[in-house]
Amino acid sequence: MKQPTFLTAFRSPLGTVRIAGDEHGVSAISCQDQDNPDALPEPQALLPAPVWEAATQLQAYFAGQRQSFDFRMNPQGTAFQQRVWQLLLTVPYGQTRSYLSLSRELGDEKAIRAVAAANGKNPLWIVVPCHRIIGSDGKLVGYAGGLWRKKWLLEHEQNQRQMTLF
C-alpha cells in the first residue's frame with residue numbers, strides 16, 4: 001500500500017517553495033512563481049517529521065542561518081540519476097563545479113550530457129544543490145527554476161559565506 005504524500009509550502013525570496021514527502025523522507029522540493037489555490041499546505045501537526053524539518057531548514061537557509069541540510073530525503077530516480085544527485089551533495093556551500101568536472105568525477109567525461117540531464121531532473125531543489133553546477137566557461141547554464149533563481153542562489157551563498165568570515 002502506497003503511503004500518502006504530504007505537502008507544505010511557504011513563501012521565499014524566489015517564490016512559493018513546495019515540499020512533498022512522507023515518513024520515508026522528502027521526495028520533492030520545488031519553487032513556483034504563484035500560489036496554487038487547489039493545493040493548500042497541511043498544518044504542521046499533520047506533517048511527517050521529514051517534511052516539517054525540510055520546511056524549517058529551508059527557511060533558515062533563506063534567512064542566511066543554514067548552509068547544509070540533514071532531514072531524511074527520498075528522491076525517486078534511476079540509478080544513474082541517484083549517483084549524480086549523490087555527487088551534487090558533495091559540492092560545498094558557496095562553491096561551484098562544472099558539468100564536465102562532475103562527468104569526470106563519475107569516471108566518464110563523455111557522459112556530460114547525461115550528467116546535465118540528471119542534474120535537470122533533480123527533484124530536491126536547493127537541498128541537492130544543482131544550482132551550484134555551471135558551464136565549463138563559468139557561465140550560468142541549464143537551471144529548471146530559471147537562470148535568475150540560479151543567479152540569486154549563488155549570490156546568496158557567496159554573500160553568506162563571506163559574511164561568516166567577519
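Predicted model: local features only at pLDDT ≥ 70, side-chain atom pairs only at ≥ 80, totals over all residues.

Visitor: What makes β2 and β3 a pair?
Guide: The threshold is again at least two bridges, and seven bridges join β2 to β3, which run antiparallel. Here R18 stands opposite S30 in β3. These strands also form a hairpin, with two residues between them.

Visitor: Why is the sheet called open, and which are its edge strands?
Guide: Three strands make up this open sheet, in the order β1-β2-β3, with antiparallel pairing. The edge strands are β1 (6–12) and β3 (25–32), each of which pairs on one side only. On average, neighbouring strands in this sheet are turned by 20° against each other, direction ignored.

Visitor: Which helix lies across β1, β2 and β3?
Guide: That is α1 (residues 49–62), which runs at about 150° to β2.

Visitor: How many helices and strands does the whole chain have?
Guide: The chain has five helices and five strands. Read from the N terminus, the order is β-β-β-α-α-β-α-α-β-α.

Visitor: What share of the chain is buried?
Guide: Of the 166 residues in the chain, 43% are buried. The chain exposes about 9200 Å², and carbon and sulfur atoms supply 53% of that area. As for contacts with a separation of 6 or more, 59% of them are between residues 24 or more positions apart.

Visitor: Why is C130 called buried?
Guide: Buried means under 20% relative accessible area. C130 has 7%, so the word applies. C130 is in the loop between α4 (112–120) and β5 (133–134). Setting aside neighbours within four places in sequence, C130 is in contact with L88, N119, N122, Y143 and K150.

Visitor: What does UniProt place at C130?
Guide: The unreviewed UniProt entry places the feature "active site" there. Such annotations may be inferred rather than shown by experiment.

Visitor: Which other residue is found in the loop between α4 and β5?
Guide: I126 is found there. I126 has a positive phi of about 70° although it is not a glycine.

Visitor: Is I126 buried or exposed?
Guide: Buried: its relative accessible area is 1%, and the cut-off is under 20%.

Visitor: How do you know that the buried residues of α4 line one face of the helix?
Guide: The buried residues in α4 are V115, A118 and N119. Seen down the helix axis, they fall within an arc of 105°, so they line one face of α4. The buried residues of α4 pack against α2 (79–88), α3 (99–105) and β5. One of them, N119, is also in contact with C130.

Visitor: What puts the buried residues of α2 on the same side?
Guide: In α2, the buried residues are Q81, V84, W85, L87 and L88. They cover an arc of only 160° around the axis, which puts them on the same side of α2. The partners against which the buried residues of α2 pack are α3, α4 and β5. L88, among the buried residues of α2, is a contact of C130 as well.

Visitor: Why is H156 called buried?
Guide: The same test applies: H156 has a relative accessible area of 8%, and buried means under 20%, so H156 qualifies. H156 is placed in helix α5 (residues 147–163).

Visitor: Which residues does H156 touch?
Guide: Not counting residues up to four places away in sequence, H156 touches Y61, F62, G64 and Y93. The word "touches" rests on heavy atoms lying within 4.5 Å.

Definitions and conventions: Residues numbered from 1 in each chain as written. Heavy atoms only, no water. Helix = DSSP H or I, 4+ residues; strand = E, 2+ residues; numbered from the N terminus. Buried < 20%, exposed > 50% of the residue type's maximum accessible area, 1.4 Å probe, protein only. Areas by Shrake-Rupley, 256 points an atom, 1.4 Å probe, with all protein chains shown as cover. Axes fitted to C-alpha atoms, helices over the stretch in contact; angles between N-to-C directions. Arc of directions from axis to C-beta.
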